[in-house]
Amino acid sequence: MRPTNTFFLFGLLLSASASGADTKTTPRFDLRIKPLSMDEPRFAISGSISYCADDRKVSFFVPRRSTFSFTRNGVPLDVSPNDGIDWPCDKRHADAGAVRFQGMSPEGIRKCGASHNEVFCLNNSVPNPEVMADWSLYRIRFDLPGGYGALVPDSSVELNTGIQFQIAKFRPAQNRKTKRFAFEYRFPSDFHPTEAYLVFLEETMEGYSDLLGDLPFKKIKVGAIRRDEKRGEISGSPSGNLLLFSRTAFHDKPNLEGLRSVGIDGDVSDALRKMVIAHELSHFWFSRTFMGKDGWMVEGIPNYLGLVAVRKGSPKDYAELRKLYEYADARGPQGAIPNHPFGDGPLYVRAYYQGAFALVKLGEELGHENIIGLISAVYQKNADPEFADFDREFRKTFPSRTELWERAWRIGEQ
């Protein structure tokens, strides 16, 4: 698992090539997970890890306060050395050197939750032992009480942010198809989404494929979880070919009080839902197929695409939500926006909002379709670009508008 932050949580005001891993040398997990109850996210987890590491040291991440123990070929194994452990293996028989483990996950796992007899863990939650690698494959099985099921990414899809799942009593899956994709919606028995948001999701996926290219998978799995219900936030979490959205993204009423200080007084629930849905869908490309040296390349571009998706359906709602981006930009760190990594605090605002707002201003002058086309052109040449790649592409495409470009990105400012 590679540590990364790819999820979008609407809460400012108080998700290398995806097929780049060699599956013969990619860590392969076989996990069995048993929830200790349906009232708290704590699990008994056992399984194995198979890996051919090309004579490299392999580092483990073991959750703090967990009770996991490890063996290889029946012999106890210490996986704690900071420089990793040797992992000898025969590539013709990769399972021969498998590491086996069992134990209990810790209490209070980050990004896991439980309520109303539903349990979830999101990307980067790490309830299980992990090995540090760019990509991993996971076969996940569950021991569950009668009537319960689990929603997980497909085991054939490589993940770069660890496992993700939902446990609940589900209605039968709803399967739909578009030109490129097969969609599987699995919702809890007491939840019924608004149809319009499923249609929007499917149309957005097709539009992104036209602009950004094909994905290494054609099946998209979608669920709805009880995330941040008390706060009424709209959010989503991608992992592999699975997206788990908050219930507010598809139907339940969100809390809009935090927007009042920005000057957004109307009901923008529909626009916010679409912005978050479009943002999270774009992570099937950005932070998976497309990376980037700057934080805004992984999170600002999805935030920009989310706002542009709102504009297509309602210019009025676009103008309202634009206020949020302008507000965050004005109150965030000043100075040049480019060449900053993703992080917390000021770096978070740079990545999510200031980079996105720079793209918004450029799109309003030059056409959003042209800016999205420029973004796509950069990534087709380099899947892990730096700002200089965007700068070069813009100056080549719009040689007479370099002043606009530098102003939008505050180039030269201290």
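Reader: How many nonpolar, polar and charged residues are in the lining of the second largest cavity?

Author: That lining has five nonpolar residues, two polar and one charged. Ala, Val, Leu, Ile, Met, Phe, Trp, Tyr, Cys and Pro count as nonpolar, Asp, Glu, Lys and Arg as charged, and the others, Gly among them, as polar. The model is predicted: local features need pLDDT of at least 70, side-chain atom pairs count only at pLDDT 80 or more, and totals for chains, interfaces and linings use all residues. Residues are numbered from 1 along each chain as its sequence is written, and side-chain values use heavy atoms, without hydrogens or water.

Reader: Which residues line the second largest cavity?

Author: Rolling a probe the size of a water molecule over the atoms shows where empty space is left. A cavity is a set of points, on a 1 Å grid over the protein atoms alone, where a 1.4 Å probe fits but cannot get out; lining residues have an atom within 4 Å of a point. Here the lining consists of Gly295, Trp296, Ile337, His340, Pro341, Leu347, Arg350 and Ala351. Helix 3 (295-313) and helix 5 are the elements that give two or more residues to it. Helix 5 gives the most, with three residues. The space in this cavity is about 30 Å³, a volume filled by probe spheres set on the points, which are joined across faces, edges and corners.

Reader: Why does the end-to-end distance of helix 5 agree with its number of residues?

Author: Helices are DSSP runs (H or I, at least four residues), numbered from the N terminus, as are strands (E, at least two). The expected span is 1.5 Å times one less than the number of residues. The 21 residues of helix 5 (residues 346-366) should therefore span 30 Å, and the end C-alpha atoms are 28 Å apart, which agrees. Gly367, with a positive phi near 100°, follows helix 5.

Reader: Which side chain does the side chain of Tyr352 contact?

Author: A polar contact is a pair of N or O atoms within 3.5 Å; within protein, one must be able to donate a hydrogen and the other to accept it, and residues adjacent in sequence count only if both atoms are side-chain atoms. The side chain of Tyr352 makes such a contact with the side chain of Glu299, at 3.4 Å.

Key: 1 Å grid on protein atoms, 1.4 Å probe; cavity = no way out; pocket = protein on both sides within 12 Å on 5 of 7 lines; lining within 4 Å.
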